[in-house]
Amino acid sequence: MRRITLDELSRFATLKDYLRKAPGASPPPPAVDYAGFKHRTLGTAPNNLGAGSQFEVWYPFVDTNQGEYHSLSQLWVLGYGNNTVQSAEAGWQVAPSHYNTNAAVAFIFWTPDGYTSGCYNLECIGFVQVNNNVVLGAPNWSGPSQPGGQQVVFDAEWEAVRSVQDGTIQAWWFYYNCQTNYYHCAVGYLPVSVYGGGQLSQYSNSLQFGGETYSYNHTNNGAMGSGALPSAGPSNAAYQTWVFYVDLTRRARDANLAYLNFPQTDACYGELCTIQVCDSFYFGGPGGLNCPGQ
């Protein structure tokens, strides 16, 4: 398991800043515009017990000297209710200030209260890891994908487990593909108690997939995905594929993704485009100053 160092903690003003998804900010769910955050996401809104995706790994440059904080590719399992949102999230993230590396790392994140609080990986009490072969907060691969060359990928999934006796959700389990094959291995779980009586204690009612960047100064957002626009296509633009969700009968379904919160084509991140109908898409771009909302 990856250990948190004193040096990492000392780069943040408070422990609360360290635990938030972006220090000093309380971001809303990805579908809402918020200063500093830029998203290029696709989504769907069936009632569900989880979702998964295959992620292509890249190492977009995050320039902390220019006010950039992180760049990521992830899935969001969301629960809207009682005027807030709860989440279980997973993917890869480049966040030099947080992880002390310019490489992408495998991560999970969860919030019980609309991002007022939250937690990465094992950085607070909540997630219970049972498989130490996957190191959260560190690269689980030898390097990034190469433009026009080898593509590095991994699968990740959240899925709720119900009680045999009464059908209530007991935990949200996180799965990651094993090192030797593409079968999913159980990494650990979030006890349903972390969500109190909120929506994710019952089921998820919204899903999103895509990329996110965050800028401290709210004006300069860094590269997303591979740094190439979606129009660059295979082996150049970042993608997610094999996107699915688990319905309330525990059957895997194509996600039937729809466009959510994307602007007209722009020089920062372009416009999302699909590889195949329903379950795959390219995203990303070089970023820049004053990128359009989302």
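This is a predicted model: local features need pLDDT of at least 70, side-chain atom pairs count only at pLDDT 80 or more; totals for chains, interfaces and linings use all residues.
1. Two strands are taken to pair if DSSP finds at least two bridges between them.

2. Strand S13 spans residues 238-246.

3. S13 and strand S14, residues 252-254, are paired in the antiparallel sense over 3 bridges. Within this pairing, Val-246 has Ala-252 of S14 as its bridge partner. The two strands form a hairpin with 5 residues between them. In the turn, Arg-250 has a positive phi of about 75°.

4. S13 also pairs with strand S2, residues 50-56, in the antiparallel sense over 4 bridges. Here Ala-51 stands opposite Tyr-245 of S13. A further antiparallel pairing, over 3 bridges, joins S13 to strand S17, residues 281-283. Tyr-239 has Tyr-282 in S17 as its bridge partner.

5. The largest nonpolar core has 53 residues. Those with the most contacts inside this core are Trp-92, Trp-141, Trp-158, Trp-172, Phe-174 and Leu-190. S13 supplies the largest share of the core, 5 residues.

6. Neighbours within four places in sequence set aside, Phe-174 is in contact with residues including Ala-90, Ile-108, Phe-127, Leu-136, Ala-156 and Trp-158. Its contacts also include Glu-157, as well as Cys-185, Ala-186, Val-187 and Gly-188.

Methods
Residues are numbered from 1 along each chain as its sequence is written. Side-chain values use heavy atoms; hydrogens and water are left out. Buried means under 20% relative accessible area, exposed over 50%, partly exposed in between (1.4 Å probe, protein chains only). A nonpolar core is a set of buried Ala, Val, Leu, Ile, Met, Phe, Trp, Tyr and Cys residues joined through side-chain atoms within 4.5 Å. Contact means heavy atoms within 4.5 Å.
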